[in-house]
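Subject: Structure for your review

Dear colleague,

Please find the structure below, followed by an account of what was found in it. I would be grateful if you kept it open while reading.

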Amino acid sequence: MEIAQRKLAVVTGASSGIGAAFATQLAARGMDLVIIARREERLNAMAAGWRKQNVDVRVLAADLTDRAALQNVEKEIAAFAHVDVLVNSAGFGIYGDFAGADPARIDNELYLDLIVPARLSRAVLPGMIARHTGAIINVASMAGFMPIPRFAPYCAAKAGLIRLTEALRGELRGTGVRVQVLCPGPVPTPFFDVSGYKVEDVPKPMLQSAEACVASSLRAMDRGKTVHIPQAIIALFTGFMRSLPLPVKLVLLGGGTDWWTK
């Protein structure tokens, strides 16, 4: 089923938070949508609202940590005549000691946060390269720049996503296809509910709304920026932390500071 005559955006994690904000703002830019998440009822309700605004929307309800479901989604999006923008926003993080973590949760976290974006990017890139146009936005985190104790799988996955995007930038030079990795600080989304943090405990100057985060990302994409931290205070903090020796970083990040995660 081919739905899009206009430009088409595919957004994962579209049922809430940053993913929902991306879908909303890309629709406002005149794009049709394919929205992907687990909660089909929520996706259908969102799609009904966009359709009233003359946006064509296709809903793909899927748990992307399920390997068979991911394969089906890959086939679906690869079959479209064109995908103009892919936003890999689905992801989660769990706070806790690595040695005591459920191995299945570690697998799912690494899979959803890194393998899924890589696989879906691979699914759409041949078509983008053939048309000499397109864009991929991978939603990472400032945690990808930092070794945060008790957040090891999340930091590892987001660091990998940053490196993946940077490497793709080199491979795609001259093709007309743009890539960006978005590295926000704390954004009030359901991420906090899953990870165990309370958004009320985050210092307010560090917070950024999903809407502001996404608007900044899209402006940066228009300028061709590859690695984007959408908030000045987070960019300054990230740069400062990266300049420190590892033992100092570990003391600062493991000393009860709870606001550095997305």
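This is a predicted model: local features need pLDDT of at least 70, side-chain atom pairs count only at pLDDT 80 or more; totals for chains, interfaces and linings use all residues.

Leaving aside its neighbours within four places in sequence, Asp-63 is in contact with Arg-38 and Ala-69, where contact means heavy atoms within 4.5 Å. Asp-63 sits in the loop that runs between strand 3 (57-61) and helix 3 (67-78). Helices (H or I, at least four residues) and strands (E, at least two) are DSSP runs, numbered from the N terminus. With a relative accessibility of 34%, Asp-63 counts as partly exposed; buried means under 20% relative accessible area, exposed over 50%, and partly exposed in between (1.4 Å probe, protein chains only). Although Asp-63 and Gly-13 are 50 residues apart along the chain, 9.8 Å separates their C-alpha atoms.

Residues are numbered from 1 along each chain as its sequence is written, and side-chain values use heavy atoms, with hydrogens and water left out.

The chain as a whole contains nine helices and seven strands. Of its 262 residues, 52% are buried. Among contacts in the chain with a separation of 6 or more, 71% are between residues 24 or more positions apart.

Ala-47 belongs to helix 2 (residues 40-51). Its relative accessibility is 0%, so Ala-47 counts as buried. Apart from neighbours within four places in sequence, Ala-47 is in contact with Ile-35, Val-57 and Val-59.

Two pairs of helices deserve attention. The axes of helix 4 (residues 103-131) and helix 5 (residues 152-171) come within 8 Å and cross at roughly 15°. Axes are lines fitted to C-alpha atoms, for helices over the stretch in contact, and angles run from 0 to 180 degrees between N-to-C directions. Helix 4 is therefore roughly parallel to helix 5; angles under 35 degrees count as roughly parallel, over 145 as roughly antiparallel, 65 to 115 as roughly perpendicular and the rest as oblique. Residues of helix 4 that meet helix 5 include Ile-106, Leu-110 and Leu-125, and those on the side of helix 5 include Tyr-154, Leu-161 and Leu-168. The residues of this contact divide into 13 nonpolar, one polar and three charged. Here Ala, Val, Leu, Ile, Met, Phe, Trp, Tyr, Cys and Pro count as nonpolar, Asp, Glu, Lys and Arg as charged, and the others, Gly among them, as polar.

In the second pair, the axes of helix 1 (residues 17-28) and helix 7 (residues 210-222) come within 9 Å and cross at roughly 55°. Helix 1 and helix 7 are therefore oblique to each other. Their contact comprises nine nonpolar residues, three polar and one charged.

Finally, which residues of helix 8 (residues 232-242) are buried? They are Ile-234, Phe-237, Thr-238 and Met-241. Seen down the axis of helix 8, these buried residues fall within an arc of 100°, so they line one face of the helix; the arc is that of the directions from the helix axis to the C-beta atoms. The face turned away from the buried side of helix 8 carries the exposed residues Ala-232 and Leu-236. Helix 9 (246-253) is included in what covers the buried residues of helix 8.

Yours sincerely
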